Amino acid sequence: MNAPLIGTSVKRKEDYRFLTGGGQYTDDVMLPGQTCACFLRSPHAHARIRSVDTEKARSAPGVVAIFTGDDLAKAKVGGLPCGWLITGVNGQPMKEPPHPPLAQGKVRYVGDHVAVVIAETLNQAKDAAELIEVDYEALPAVVKVADARKPGAPAVHDIAPDNTCYVWALGDKAAVDKAFASAQHVTALEFINNRLIPNAIEPRAAVASYSRSDDSYTLYVTSQNPHVARLLMTAFVLGLPEHKVRVIAPDVGGGFGSKIYLYAEEVVITWASKQINRPVKWTAERSESFMSDAHGRDHLTKAELALDRNGKFLAMRVTTTANMGAYLSTFASCIPTILYATLLAGQYTTPAIYCEVTAVFTNTAPVDAYRGAGRPEATYVVERLVDTAARELGMDRSEIRRRNFIKEFPYQTPVALLYDTGNYDATLTEALKLADVAGFEARRQEAEKRGKLRGLGYSTYIEACGIAPSNVAGSLGARAGLFEAGEIRVHPTGTVTVFTGSHSHGQGHETTFAQVVADRLGIPLENVDIVHGDTGRILFGMGTYGSRSIAVGGTAIMKALDKIVAKGKKIAAHLLEAAEADIEYDRGTFRVAGTDRKKTIAEVAFAAYVPHNYPLDKLEPGLNESAFYDPTNFTFPAGSHLCEVEIDPETGHTRIVNFTAVDDFGKVINPMIVEGQVHGGLAQGIGQALLEACVYDPESGQLLTGTYMDYALPRADDLPSFKVGTQETPCTHNPLGVKGCGEAGAIGAPAAVINAIVDALAPLGVRDVEMPATPERVWRAIRAAKAKK
Amino acid sequence: MHAFSYHRPATLKEAVSLLRKVENAKLLAGGQSLIPVLKLRLASPAAMIDLGAIEEMRGIKLEGETLTIGALTRHAEVAASKDVAIGIPALARLADGIGDRQVRNQGTLGGALANNDPAADYPAAVLGLGATVNTNKRAIGADRFFTGLFETVLKPGEIITSVAFPLANRAAYAKFRNPASRFAIVGVFVSEAAGNVRVAVTGAAPCVFRVKAMERKLAEKFAPDSIARVRVPPDNLSSDIHASAEYRAHLVTVMAQRAVEAALASK
């Protein structure tokens with residue numbers, strides 16, 4: 001019973017439910033009298049709405065109600081808020097254009113919401129939606145990041161005539177410019193960080209209901225953070241009393257960031273459920289997901305690295321334009337700033353870094369956090385520069401990294417972060433071994449004989465997870481706290497229910513968190529259940545994003561466990577007739593120090609709920625404790641990713657033949673789950689590097705990659721069998737020593753893949769290949785290089 | 001999808017008569033192209049005539065020098081068929097590479113040909129082997145069957161019943177697939193039968209086509225090198241977000257060479 005559970009690959013508790021079809025997803029919710037909603041979406045990237053005629057549609061069979069932007073405006077429904085205020089270099093706050101849940105006056109991207117049709121059946125709602133007559137005056141659209149600030153570009157919002165949301169900067173510009181002026185070598189690159197569509201397997205969905213009896217609402221929604229959704233929706237959009245709204249995020253099939261945000265659909269149907277006094281369900285179709293889930297990345301960047309002749313980094317200068325899309329999604333503004341520029345030190349001692357970011361509006365879907373959120377973009381900048389610099393200086397790519405690695409901790413970067421710990425040499429050394437880099441040259445030559453070009457790419461990345469602390473984030477513009485809450489309920493018989501503000505949508509928290517609790521309480525894993533995703537049952541929660549769950553949510557649970565143990569000691573002292581100070585606790589057993597007199601946690605719990613022999617004069621009965629935890633710092637997972645590719649020079653096709661990832665996540669609770677998280681992240685990172693690209697027609701703003709026929713998600717046969725390993729340098733400021741692992745794969749992989757491709761093509765004179773490195777792009781790079789020679 | 005009336009005839013005769021009687025009707029075979037279009041509400045036929053119950057349009061027969069495949073035979077059945085493996089193994093391999101598992105278990109030969117998607121695999125095999133498309137009315141040679149983007153010589157009321165493939169000495173299909181759809185960006189089917197060589201290209205243009213210049217060179221000498229310098233001009237080829245016409249033109253030569261190489265390796 002007392003064997004340690006932390007660090008063991010126990011099978012996932014939730015899998016029986018999922019594998020036997022017992023999962024309860026939002027679309028599985030069926031309420032009596034439920035209606036179906038269909039959103040009429042804009043076919044134009046930019047248009048003025050002259051009129052919306054719903055008369056014909058209203059008399060279509062089965063229609064219950066139709067609402068437009070005008071109806072919401074009349075009801076004083078507010079706009080969707082942005083949760084992070086960025087202040088620009090000019091001291092001015094970012095431009096925050098109104099974001100009405102249903103368009104008012106103008107539509108601003110293909111898929112923008114124009115009206116909602118609520119009917120008895122979904123097909124009736126869709127049929128009726130086709131009968132709505134919208135008189136659009138099509139307007140010219142601005143689509144590409146590069147075009148947004150060009151003179152004469154159409155303005156997406158009147159309040160931002162130059163389409164600029166903000167111009168923001170971080171770092172010491174004067175110091176950087178000075179270092180560049182005297183540097184012996186400068187490596188410069190320009191690139192696009194390609195726009196991605198998240199593609200969670202479960203599309204977004206919501207079911208809203210209203211109860212007249214107590215004027216309350218219940219919203220089931222595919223959310224990564226139901227408390228945040230409730231707070232934003234009640235306080236900022238609908239003006240409802242928060243305690244009258246219950247938000248439940250039941251089983252959720254993947255999020256990757258796209259389900260953090262408050263979206264128009266759930267707000268509109270919550271409001272509508274009261275208007276029609278019936279439950280309303282909306283489930284996105286896949287094509288709606290493509291059009292209207294918040295997208296990721298979409299940066300245009302110029303980056304320079306100044307070095308001395310020995311390859312020592314002197315300074316870095318980065319200028320980025322980031323696409324916000326047509327409206328500011330919930331956390332859009334902080335992704336290319338707070339979560340991007342702060343990461344540009346990477347694993348290196350670069351003494352001076354300056355980064356300027358211009359955020360622009362375009363007539364495309366909103367862009368926000370997507371797995372990695374800012375950090376993959378930063379890693380791509382740093383690691384592409386480092387590999388390129390090594391090649392230009394004729395240095396070995398491990399050597400240039402080792403020469404610049406941060407080796408002493410804590411380390412204050414020039415871009416605001418304070419790294420608490422790390423061992424970058426260790427992960428690199430292990431990765432080189434696991435990837436058999438020593439044998440690469442022989443493999444390269446063998447491939448050459450077969451007419452294939454082999455390349456090896458490095459990416460030694462860092463990420464900042466468990467974004468914190470709240471007061472610092474607040475001073476940087478966060479409009480929310482960044483703590484987490486947890487509650488431990490020890491039942492009279494010693495079994496335990498844990499309530500956590502984290503939300504699991506594929507991460508396996510029901511297992512990992514149970515391992516932590518069972519380990520600490522010395523009880524069997526099956527005696528612990530994890531409850532998450534329900535504002536009606538959980539005290540509070542900031543939810544799951546940014547690889548924060550174990551580091552922040554897990555720590556809140558640990559703090560609540562500490563309180564359980566502390567109270568347990570008091571109870572045990574009474575039961576054992578000993579002084580509290582003499583009670584020792586070790587995984588489920590309270591013992592009088594130096595004796596064999598002991599009580600188990602179950603015995604203590606029973607005494608707490610059947611307090612016959614109990615110090616009632618000094619102690620409340622019961623054994624139920626909660627805690628809030630606000631981290632003192634970020635955690636800093638880091639690792640070394642090595643990618644080996646083989647390129648067919650005739651077609652330009654790239655095959656990944658080996659991918660090695662050695663990550664330092666601090667203490668690992670469940671190695672199997674961590675490995676699964678790494679695999680998933682790598683698949684998405686490789687997807688970005690080789691396959692995925694969200695493409696809008698640059699003139700019309702039509703989404704050209706709106707289905708899986710055109711948007712290439714990686715499949716199993718696009719990927720190699722990964723070699724993964726971990727190194728453990730425990731985080732210094734949380735009790736579990738954990739750092740988080742959810743995003744690492746997506747952060748480290750893209751640079752490793754492109755560096756490998758460039759390595760394979762470098763002998764031909766190729767210096768860069770744009771992501772995704774499609775066969776045609778690689779073929780063209782080869783052809784252009786050959787033409788130059 | 002929009003509402004439609006649904007018919008499921010048990011015989012070809014019944015299907016033909018329904019097709020004549022019911023207005024604005026669409027034939028449904030495997031549904032792998034049609035159903036998604038309906039779900040996206042991009043088409044709204046008044047009626048669907050589901051051919052799925054017509055047994056006489058199913059099955060694979062190898063007789064003499066001809067492999068005949070019923071129009072309703074599914075890709076997975078072709079891929080797994082012993083007769084196909086013996087008669088034209090390249091055809092089995094082609095079928096095994098169509099779409100994904102679901103598409104192969106549901107999609108049919110006749111459906112694919114009638115739809116004539118510019119990037120579908122089967123048209124390359126039909127044209128590349130010089131097969132004959134049989135309908136309820138006539139037998140149509142492959143060279144006449146495909147007429148343009150999603151267009152064939154099929155007339156209203158005409159239903160493909162089977163396809164007769166002449167056996168080849170050697171044949172192979174080389175496909176450079178679209179990573180998203182797994183359709184062909186460029187697919188080249190090459191066959192040689194009694195000195196007669198055919199090279200058919202799918203994916204590259206609005207409609208499958210033959211490359212006679214390659215056929216002549218290969219008839220002289222059936223080897224990859226024979227066509228290394230034969231280029232298809234990009235002018236009439238397709239350009240889209242997945243590949244430019246120029247790249248497709250390049251791939252036609254590369255894939256044709258690879259098909260020849262594979263055909264040689266198969267014998």
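Biologist: Which residues does A:I757 touch, leaving out those up to four places away in sequence?
Modeller: A:G455, A:V645, A:I647, A:T654, A:V769, A:A773 and A:V778. A contact puts two C-beta atoms, placed from the backbone, within 7 Å. This is a predicted model: local features need pLDDT of at least 70, side-chain atom pairs count only at pLDDT 80 or more, and totals for chains, interfaces and linings use all residues. Residues are numbered from 1 along each chain as its sequence is written, while chains are lettered from A and ligands numbered from 1 in the order written.

Biologist: Which members of the largest nonpolar core touch the most others?
Modeller: A:I757 again, with A:V117, A:L344, A:V517 and B:V188, out of 334 residues. Helix α18 of chain A, residues 744-761, gives the largest share, 13 residues.

Biologist: Domains next. How is chain A divided?
Modeller: Domain 1 is 15-20 + 483-629, domain 2 is 31-139 + 201-254 + 259-292, and domain 3 is 299-467 + 633-788. The bounds come from an automatic or database assignment.

Biologist: How many residues link domains 1 and 2 of chain A?
Modeller: 14 from domain 1 of chain A contact 16 from domain 2 of chain A. Their C-alpha centres are 39 Å apart.

Biologist: And chain B, what are its domains?
Modeller: Domain 1 covers 1-56 and domain 2 covers 170-266. In chain B, 34 Å separate the C-alpha centres of these two.

Biologist: What box does chain B fill?
Modeller: Roughly 55 × 45 × 30 Å for its C-alpha atoms, along the principal axes.

Note on methods:
A nonpolar core is a set of buried Ala, Val, Leu, Ile, Met, Phe, Trp, Tyr and Cys residues joined through C-beta atoms within 7 Å. A residue is buried if 20 or more other C-beta atoms lie within 10 Å of its own, exposed if 12 or fewer, and partly exposed in between; C-beta atoms are placed from the backbone. Helices (H or I, at least four residues) and strands (E, at least two) are DSSP runs, numbered from the N terminus.
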